[in-house]
Amino acid sequence: MTYPPGPPSHPSSPYGPVPPQSDSRRALSIVLGAIVVVLALILAAGIVFVVKARDGDIYVPGLTLTAANDPGIDPFTDPVLVAGAGSLPANVALTGTAGAADLGGRAVNGTDAGLYGSGDAAACDTAALSDRLLADPPAARAWAGVYGISTVDIPHYLNTLTPVVLTTDTWVTNHSYTSGRAVPFQSVLQRGTAVYVDSAGVPRAMCSCGNPLAPPAAAPLGGYRLEGQTWEGYKSRSVARIAYNNQHVTAVGKSTTIVPAPPVPDAGTPAGDVLRLLNFRSGQIFSQPAGGLLDLSGFPPPSGPLPTPAALNTPFEAATDDDAERNGLLAAGNPVAAPALEKRAEEHDGLPEGAPSTDSAGPDSAGPDSAGPDAPGPGSDAPAPDEPVPASDVPVPEEPGYEAPGSEVPGPATEPGVPDAPGPDQPAEVPTTPTSFSGSGEVVGSFSFVDAGLSVGCTVPGAPALGTVTLSCTDGVTRSVVGSALQRPSVSGSTTGTGVWTLTLTTVGASRTVTIRSANWVGVPPAAPASEPPAYEAPAPDVSTDAAPPADRAPDDTTTTTTTGNPPPPEAPAEPEAPAGTP
């Protein structure tokens with residue numbers, strides 16, 4: 001009897017049977033295979049992590065640097081710039097002392113006088129922008145959606161805006177027209193860019209591309225990565241943003257800060273929707289009514305009330321989670337910054353990735369008027385932030401907070417480690433440009449100067465007196481001045497050969513001479529001195545020899561109304577013409 005062969009005890013090969021593997025070798029192979037798999041997974045995860053960190057979608061959102069009047073990628077319209085009208089002179093810029101330190105840059109009020117510039121003509125063609133938007137209905141719908149209006153409202157909304165030119169690098173939320181929608185992204189617009197602003201001074205559209213604009217995200221600049229080329233003079237800590245509707249930048253004591261209150265007009269601000277712009281041709285501040293540049297007679301009425309500037313001046317909120325991530329926010333519909341972005345800003349001393357080497361490396365706790373953001377570090381040969389070219393012959397604005405690049409002369413308060421203002425007995429800083437006088441009259445009714453890096457405006461209440469006059473100043477500090485020092489002869493005597501007027505002010509018993517940046521003449525009729533004799537009170541004339549005055553002779557008392565000082569004792573005037581029949 002035969003039996004089928006049993007299973008072989010081990011596999012065979014052409015060279016004979018293969019001996020079985022030991023258990024230890026089998027276990028080693030399994031362990032090595034597992035290690036290879038784990039390493040592969042770790043490597044793949046690392047690649048994904050690095051890619052996400054570099055493309056900025058999650059960990060490092062982008063902050064696009066947009067050069068002056070650069071239309072960028074995927075613009076909404078063709079440019080509507082008016083040739084030559086918005087060319088900002090190289091020596092006109094917002095001084096580094098303006099505003100309050102905030103979010104790694106600085107915050108300014110949108111209605112501050114001279115924040116925006118304009119030439120002798122509008123920088124942008126509003127009618128052309130309206131026509132181009134309405135000619136492209138999909139783009140018009142995307143554009144209108146940024147403001148929460150319908151396409152029929154576009155001309156009416158544009159008619160509330162005013163074309164201006166930025167005098168400083170400005171942070172906004174920009175929008176490109178991509179795949180049929182308005183895609184938001186954080187952007188810094190270079191000084192010299194022509195934009196539209198609303199009556200609150202908030203940038204709303206670009207003239208170079210029609211892109212709609214919104215307030216920036218309420219997130220620190222240091223959490224972003226700069227995209228694009230930096231321009232000469234760029235400083236992250238000097239980048240300005242417009243204060244939101246619940247904020248107001250003001251001087252408190254010797255510092256500029258943001259108070260949690262709605263913006264309030266400065267003293268003397270014209271009533272209504274009026275912007276105070278800088279004419280960068282003449283260097284003068286002028287009042288410009290907001291909007292009103294379109295003829296709306298051919299358009300249908302608006303679909304409803306337009307949003308108010310205050311309602312739109314809030315921190316940017318994204319419509320989708322993807323947009324929120326790209327703009328450094330926590331989630332859609334939430335203006336809170338992403339925790340990872342805030343952490344990154346803290347770790348990098350508030351500076352964005354890619355900031356130039358000339359940018360301040362340390363925290364800017366003293367605000368933009370400290371040495372950190374605007375002056376190169378010790379031993380640096382870098383130029384001042386707004387000093388790319390020498391000053392030209394174009395007039396330089398003399399309103400508070402404006403200067404030719406490089407003309408700022410920081411006092412001791414702007415030096416690192418010296419927080420206090422200059423002492424009262426220190427001489428005033430001497431600017432490179434003369435005092436700007438406006439108005440007409442024989443006495444100064446208001447003036448402005450810089451105190452410890454802060455712009456201060458003072459008004460003379462009521463009619464000026466010859467004694468001590470108590471001033472009303474915007475920083476709340478009580479100051480007084482000798483009234484006669486405000487009269488034209490004294491002003492002329494205190495003005496240097498280069499046109500710079502200095503004035504001595506008294507604060508809490510101490511006197512200090514300051515340099516006046518701008519002053520306004522007013523015409524106030526002088527009060528008659530108490531010792532002046534009443535009109536026509538004179539010794540009795542000799543009527544026997546007194547000839548009748550000419551018929552065209554004016555009464556002598558009219559000469560007293562043009563007297564600007566204490567007049568000498570009046571000579572005896574001629575007696576009024578005697579009635580007929582007087583012996």
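Let's start inside this predicted model, with Trp231 and Tyr234, both of which are buried. These two residues form an aromatic pair. For Trp231 and Tyr234 the centres are 5.7 Å apart and the planes make an angle of 90 degrees. Any angle over 60 degrees counts as edge-to-face, so that's the label the Trp231–Tyr234 pair gets.

Elsewhere, Trp143, Tyr147 and Tyr157 come together as one aromatic cluster. Take Tyr244: the charged end of Arg241 sits over its ring, 4.3 Å from the ring centre.

Now hop over to helix α7, which covers residues 339-347. Which of its residues are buried? They are Leu341, Arg344 and Ala345. Looking down the axis of α7, you'd see these buried residues fall within an arc of 100 degrees, so they line one face of the helix. The general rule behind this kind of pattern is that an α-helix has 3.6 residues a turn, so residues three or four places apart point the same way.

As for the buried residues of α7, what covers them includes strand β20, residues 334-337. Finally, follow the chain out of α7 and you come to Asp349, where phi is positive, near 55 degrees.

Terms used:
Residues are numbered from 1 along each chain as its sequence is written. This is a predicted model: local features need pLDDT of at least 70, side-chain atom pairs count only at pLDDT 80 or more; totals for chains, interfaces and linings use all residues. Side-chain values use heavy atoms; hydrogens and water are left out. Buried means under 20% relative accessible area, exposed over 50%, partly exposed in between (1.4 Å probe, protein chains only). Helices (H or I, at least four residues) and strands (E, at least two) are DSSP runs, numbered from the N terminus. The arc is that of the directions from the helix axis to the C-beta atoms. Contact means heavy atoms within 4.5 Å. Rings of Phe, Tyr and Trp (its six-membered ring) pair if their centres lie within 6.5 Å; planes under 30 degrees apart count as stacked, over 60 as edge-to-face and the rest as tilted. A charge sits over a ring if NZ of Lys or CZ of Arg is within 6 Å of the ring centre and within 35 degrees of the ring normal.
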